[in-house]
Amino acid sequence: MKVMVAVKRVVDYAVKVRIKADKSGVETSNTKMSMNPFCEIAVEEALRIKEAGRASEVVVVSMGGEQCVETIRTGLAMGADRGLHVITQDSSSLFPLAVAKLLQALVSSEQPRLLLLGKQAIDDDCNQTGQMVAGLLGWPQATFASKVSISDDKESVCVEREVDGGIETIQLQLPAVVTADLRLNTPRYATLPNIMKAKKKSIQRVTPEELNVVIGSDLEVLEVTEPPKRKAGVMVASVDELLDKLKNEARVF
Amino acid sequence: MASSWKWKWRPLSKLARNFASSALVVAEHGGGSVKNGSISAVAAAAAVLGDSSPVTLLLAGSGGSELDAAIQHASSAHPAVSQVLVARSPLLGQPLAEPWAELLVQAQKKGNYSHIFAASSSFGKDVLPRAAALLGVSPITDVTRTIDQHTYIRPIYAGNAMATVRFKGSGPCIVSIRATSFPAVPGLALTGVGHPSIVDFDASSLSSEAIGKSKWIGLASQQTERPELGAAKIVISGGRGLKSAENFELLEKLADKLGAAVGASRAAVDAGFVPNDMQIGQTGKIVAPELYIAVGISGAIQHLAGIKDSKVIVAINKDRDAPIFQVADYGLAMDLFEALPELVAKVPSKRL
């Protein structure tokens, strides 16, 4: 069975982002970029499924400009078999619906039985793409997965999901879409031998036109601004002082 | 006899808006009442569309007394609700995305709403984008402010930036809202204001390629009498500094005295001290209580994302350099194992 994993290149999670002066977005030039942490978890899960003998091939796919290739190579270095790069002029116009349509086209041609994604990208925090592509494909979905178990006959997958009320367990018939949450696994580091091997693995390039997908968007980002600032706080020296402030200054008691 | 007409002149824009706008609010219910987050979604819809646009609350389930009670509650949950639409089907007994998304598609085809709203709960996050894709539109999710009918503000980069997004498509404007940004004022429903009609929605023909391919097995949740994190006035949260699951009992004692909810940082959940549904942060729960007390939490960007809208933030951490102190209104650099027992002893009891 083939597993496909969609990954995204984002500003590294540890970076303190700066907003551009013209409010058009966040500063990304000269900023450390990495594979989205949730996508890394998705790749790791695909690799574990393959290592458990449930999958024969793991394909990593990403969309955007040339720099996507680095992110795909990271996936290959972790252990994926080959890559797919949907090359687009401008990553900023790739809203989730466009990505979902591209993924739908790739899935039709690659025919994986399982499509894995991270539950959300830490840049736009949308948490939409997996759900959208599942809808377009007519596949069942399991989002925010904290545990994934493919059945022995590879016909279904049992997923534990982190929801507001606790952990929900659902079972899906394959093919299906699963999005990874934080505690699904701890991704491996790419070892040096694997990084070297990755250089020889193939990354196929394809354009949206070749996939018969028109990239448009019904959304427009008008501006990106600073969040409301909290005023600076104070340090207190004791529990007594804290309680006094909370009662008499903040008036929360 | 000539009939006499009384015309009330209305500004054309308002008339056009009345024609054009109508909202469907996809509600969640539990234990016989509509969930607070869904009432917040109604408040957001009403704020954006104005008083004279109809707001339909969609309630669904497999049927039974809990659903009936929720319908009763829905009828007086918010004055803006003009219709309660009820769908009953064995397919809707559990929060599975496939049948629920299809329900939304059918409800939209029938009602032709200009807007569809829902709370950005784990259910809303799961279902709304799937429904949006089926309807051919991009949703705008986790909105914290509404500007106009098609323009909304949402947090990005863990709330370190805010994006103003406009929907310019044709098709319904689909929006999920962050409940903490749209407080549902309890008791707002006044008697005599708006008796919504209760209408049955025929869900007997719910079918799609995906329905039937997912099966709900179960939900493991902790039973607690404490207030829900999203709605609690006071939240006390513990991090890795608590060092063990047992030590969380110290926090619980404080929470019990204050009538507070208990939350945790990702580190504490990862370490197995507490279950996942207590996690507060960028990918956990968002809270905005009157008072948030962070104990033994360093204050990673991802955690701060979940607490920024709290009215007052208190931090207790023995590390003076912990980033949490940059965001706290009051910071106490003290060993939490000394501070907590003292706090428990001295804090005023809020237990009713």
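**Notebook: cavities and the A–B interface**

I began with the lining of the largest cavity, which is made up of Val11(A), Asp12(A), Tyr13(A), Val15(A), Val17(A), Ile122(A), Tyr157(B), Ala158(B), Asn160(B), Gln282(B), Ile301(B) and Gln302(B). I keep in mind that this is a predicted model. Sorted by class, this lining holds eight nonpolar, three polar and one charged residues, and the space inside the largest cavity comes to about 110 Å³.

I then looked up how many cavities of 30 Å³ or more the whole structure contains, and the search returned two. For the second largest cavity I noted a volume of about 40 Å³, with a lining that includes Gln141(A), Arg161(A) and Glu168(A) from chain A, and Pro95(B), Asp126(B) and Ser214(B) from chain B. Two elements give two or more residues to this lining, β9 (166–173) of chain A and α4 (97–111) of chain B, and β9(A) has the largest share, with three residues. By class I recorded five nonpolar, two polar and four charged residues around the second largest cavity.

Next I turned to the interface, where 87 residues of chain B are in contact with 75 residues of chain A, and where the two chains bury about 6800 Å² between them, 56% of it on carbon and sulfur atoms. I found five salt bridges between chain B and chain A, one of them joining Arg230(A) to Asp329(B), with the closest N and O atoms 2.7 Å apart. Polar contacts between the chains number 41 residue pairs, both residues at pLDDT 80 or more. On the side of chain B that touches chain A, helix α5 (residues 122–134) gives the most, with eight residues, and that side divides into 43 nonpolar, 21 polar and 23 charged residues.

Notes:
Residues are numbered from 1 along each chain as its sequence is written. Chains are lettered from A and ligands numbered from 1 in the order in which they are written. This is a predicted model: local features need pLDDT of at least 70, side-chain atom pairs count only at pLDDT 80 or more; totals for chains, interfaces and linings use all residues. Side-chain values use heavy atoms; hydrogens and water are left out. On a 1 Å grid over the protein atoms alone, a cavity is a set of points where a 1.4 Å probe fits but cannot get out, and a pocket is an open set with protein on both sides within 12 Å along at least five of seven lines; lining residues have an atom within 4 Å of a point. Grid points are joined across faces, edges and corners, and a volume is the space filled by probe spheres set on the points. Ala, Val, Leu, Ile, Met, Phe, Trp, Tyr, Cys and Pro count as nonpolar, Asp, Glu, Lys and Arg as charged, and the others, Gly among them, as polar. Helices (H or I, at least four residues) and strands (E, at least two) are DSSP runs, numbered from the N terminus. Contact means heavy atoms within 4.5 Å. Buried area is the accessible area (1.4 Å probe) that two parts lose on being put together, summed over both. A salt bridge is a side-chain nitrogen of Lys or Arg within 4 Å of a carboxyl oxygen of Asp or Glu. A polar contact is a pair of N or O atoms within 3.5 Å; within protein, one must be able to donate a hydrogen and the other to accept it, and residues adjacent in sequence count only if both atoms are side-chain atoms.
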